[in-house]
Amino acid sequence: MRRTPHSSPHLRVMSALGLLAALLLPLGMSLAPRATAAPAADPVRVMPLGDSITGSPGCWRAVLWNRLVDSGYTDVDFVGTLPPQGCGQAHDGDNEGHGGELVTNVADQNLLPGRLAATRPDIVVMHFGTNDVWSSISPDRILAAYTTLVAQMRASNPDMRILVAQLIPMNPSSCAACAQRVVDFNARIPGWARATGTDRSPVTVVDQWTGFSTATDTYDGVHPDASGDDKIAARWFPPLAAALDAVPPDPGGPGDPGGDPVACTARFRAVSTWQGGYQGEVTVTNTSASAVPGWTATVVPANGARLTQVWNGALTTAADGTATVTNAAWNGALAPGASATFGFVASAPATAGTPAAAVTCAGRAPAG
């Protein structure tokens with residue numbers, strides 16, 4: 001990940017040099033030309049794309065932005081044709097979250113290419129389709145719109161990295177069928193992503209549904225409140241950080257590692273269960289054509305379970321129970337097609353039922 005260099009007091013330096021030159025020139029002396037610093041690399045441009053859940057005010061963007069900055073990702077530019085829309089905390093608020101928009105309309109009316117041309121993102125973070133589901137538009141039509149938008153993103157940037165959310169739950173008082181429609185649509189997204197992603201332009205599915213409650217994490221059954229904003233940001237952070245790490249530091253310039261970006265898959269398996277917990281394992285497989293020096297997996301256990309212990313990896317747990325596991329020193333390097341497995345113990349409520357977890361992963365790009 002590229003870092004933003006700290007600014008320096010250029011005006012004071014230039015003034016001092018000018019004064020020194022004025023004193024030396026009458027003596028027949030001259031100053032050697034000052035070396036010119038190499039220009040800083042452009043920041044990585046991230047477009048938050050969606051409807052009012054993303055845009056108005058979309059305060060999960062502020063939470064996510066500040067978490068990135070606090071974690072050292074200081075050379076990131078959130079982009080969009082819409083300006084900041086509140087949230088009461090400092091952040092880069094540019095976005096492409098248009099309240100009330102349907103993703104099917106954006107595709108049918110060819111609205112995205114102009115927005116891409118104006119902002120030139122490297123990464124798109126997309127939570128889009130809530131209004132379509134509410135309008136009882138079929139999953140087939142919504143996914144066809146997704147496919148159109150992905151093609152337009154790749155026309156804008158062939159190396160576009162695309163993060164696509166499984167939608168947060170929805171249960172508005174005026175739409176009794178909406179809750180199940182979201183479930184049905186979300187079930188289709190992983191298969192669509194597998195068919196649509198490429199090594200050069202991967203599509204990563206981010207589970208924003210599991211563990212999100214319309215009763216406690218929204219203020220109207222649809223739009224997130226402060227608790228919901230925290231949960232959404234926590235789910236976006238690991239895959240977005242991995243995507244930022246994979247963006248070359250200076251595209252086309254010296255040190256550009258070149259080649260296809262890495263991709264991987266993660267598979268969960270319950271090993272054994274007992275009252276109040278279970279043992280599970282996750283297998284990470286490098287599905288790209290390039291070797292990876294390391295990987296990160298995200299585990300979202302279902303039904304209130306939480307990871308308490310991990311082996312063959314290093315565990316970080318967010319407040320909502322989302323677990324991030326990075327490789328150990330001995331199992332990070334994976335050749336194409338190779339796999340690594342880590343195990344864990346999870347605690348779970350007595351009523352949790354059969355162990356289940358949503359798992360995703362990202363391979364770390366080789367150093368240039």
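Two strands pair if DSSP finds at least two bridges between them. With that in hand, here are the close-ups of this predicted model.

**View 1. Four strands make an open, antiparallel sheet.** Reading across the sheet, the order is E11-E12-E9-E14. The edges belong to strand E11 (313-317) and strand E14 (357-363); each has a single partner strand, so one side of each lacks a neighbour in the sheet. On average, and ignoring direction, neighbouring strands here are turned by 20° against each other.

**View 2. Strand E11 meets strand E12 in an antiparallel pairing.** Five bridges link E11 to strand E12 (residues 323-327). To find your way in, look for glycine 313, whose bridge partner in E12 is asparagine 327.

**View 3. Helix H5 crosses helix H7 at roughly 30°.** Two packed helices are described by the angle between their axes and the distance between the axes. For helix H5 (residues 112-119) and helix H7 (residues 139-156), the axes come within 10 Å. Angles under 35 degrees count as roughly parallel, and H5 and H7 are therefore roughly parallel to each other. Their crossing is right-handed.

View 4. Which residues of H5 meet H7? They are Leu112, Pro113 and Leu116, and on the H7 side they meet Leu149, Gln152, Met153 and Ser156.

Terms used
Residues numbered from 1 in each chain as written. Predicted model: local features only at pLDDT ≥ 70, side-chain atom pairs only at ≥ 80, totals over all residues. Heavy atoms only, no water. Helix = DSSP H or I, 4+ residues; strand = E, 2+ residues; numbered from the N terminus. Axes fitted to C-alpha atoms, helices over the stretch in contact; angles between N-to-C directions. Parallel < 35°, antiparallel > 145°, perpendicular 65-115°, else oblique. Left-handed = near helix turned anticlockwise from the far one by under 90°. Contact = heavy atoms within 4.5 Å.
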